[in-house]
Amino acid sequence: MTVDVRWLQWAAEAVFIVLLVVAWWLWRKGRAFAAGDVFKASRLSRGNRLFPTQVLITPSSVVQYTPRWIGRHEETIHMAHVSSVRIDTSMLFSNVLIETSGGSDPIRCYGHRKGDAARMKDLIEQYQTEYYRGSGAPAAPVPHPTSGDT
């Protein structure tokens, strides 16, 4: 019994194209979903293998964005409703828990780099301070210690 070589070549090309489309889809879903201070979890951490969770911190809110195969899941907490930020650090990654005062579920983020987790907390504290001072203008971002801005 001989196997038609053209059929095997066609099958290999089809598999390659499917893998290429899946890789492109995963890359597309893993891009930063907004401009600004977006922190992406590591793909090596729990629950982030295919579609890593991202957290956007703005002067007015904290947004958790989790892409899915089709669609996405977003949860937003206004800065006035953030009651606490807890960072649990392990050997490789940090988990961030952002609790609310409004009775909604907290934002749980797993697998962020330690520096990103600390930066998230600093930004939230800075934006809350500006919000409660009532300056009316959004706060300027805190320079990252490794960015060279001093």
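**Exercise 1. A pair in helix H2**

How many residues apart in helix H2 are Glu-130 and Arg-133, and about how many helical turns separate them?

*Solution.* This is a predicted model: local features need pLDDT of at least 70, side-chain atom pairs count only at pLDDT 80 or more, and totals for chains, interfaces and linings use all residues. Residues are numbered from 1 along each chain as its sequence is written, and side-chain values use heavy atoms, with hydrogens and water left out.

Step 1. Glu-130 and Arg-133 are three residues apart in helix H2, so about one helical turn separates them. Helices (H or I, at least four residues) and strands (E, at least two) are DSSP runs, numbered from the N terminus.

Step 2. Glu-130 and Arg-133 form a salt bridge, with the closest N and O atoms 3.4 Å apart. The term means a side-chain nitrogen of Lys or Arg within 4 Å of a carboxyl oxygen of Asp or Glu.

Step 3. Glu-130 counts as partly exposed at 22% relative accessibility. Arg-133 counts as exposed at 61%. Here buried means under 20% relative accessible area, exposed over 50%, and partly exposed in between (1.4 Å probe, protein chains only).

**Exercise 2. The chain as a whole**

State the order of helices and strands along the protein chain, and the share of buried residues.

*Solution.* Step 1. The protein chain has two helices and seven strands. Along the sequence they follow the pattern α-β-β-β-β-β-β-β-α.

Step 1. Of the 150 residues, 32% count as buried.

**Exercise 3. The sheet and its helix**

Work out the strand order of the open sheet that contains S5, and find the helix that packs on this sheet.

*Solution.* Step 1. Begin with the hairpin. S5 and S6 form it, with four residues between them. S5 (residues 82-89) and S6 (residues 94-100) pair in the antiparallel sense over seven bridges. Pairing requires that DSSP finds at least two bridges between two strands.

Step 1. The open sheet has the order S5-S6-S7, with antiparallel pairing. S5 and S7 (107-112) stand at the edges with a single partner strand each, so one side of each lacks a neighbour in the sheet.

Step 2. Place the helix. H2 (residues 114-133) packs on the sheet and touches S5, S6 and S7. Contact means heavy atoms within 4.5 Å. The direction of H2 makes about 165° with that of S5. Axes are lines fitted to C-alpha atoms, for helices over the stretch in contact, and angles run from 0 to 180 degrees between N-to-C directions.
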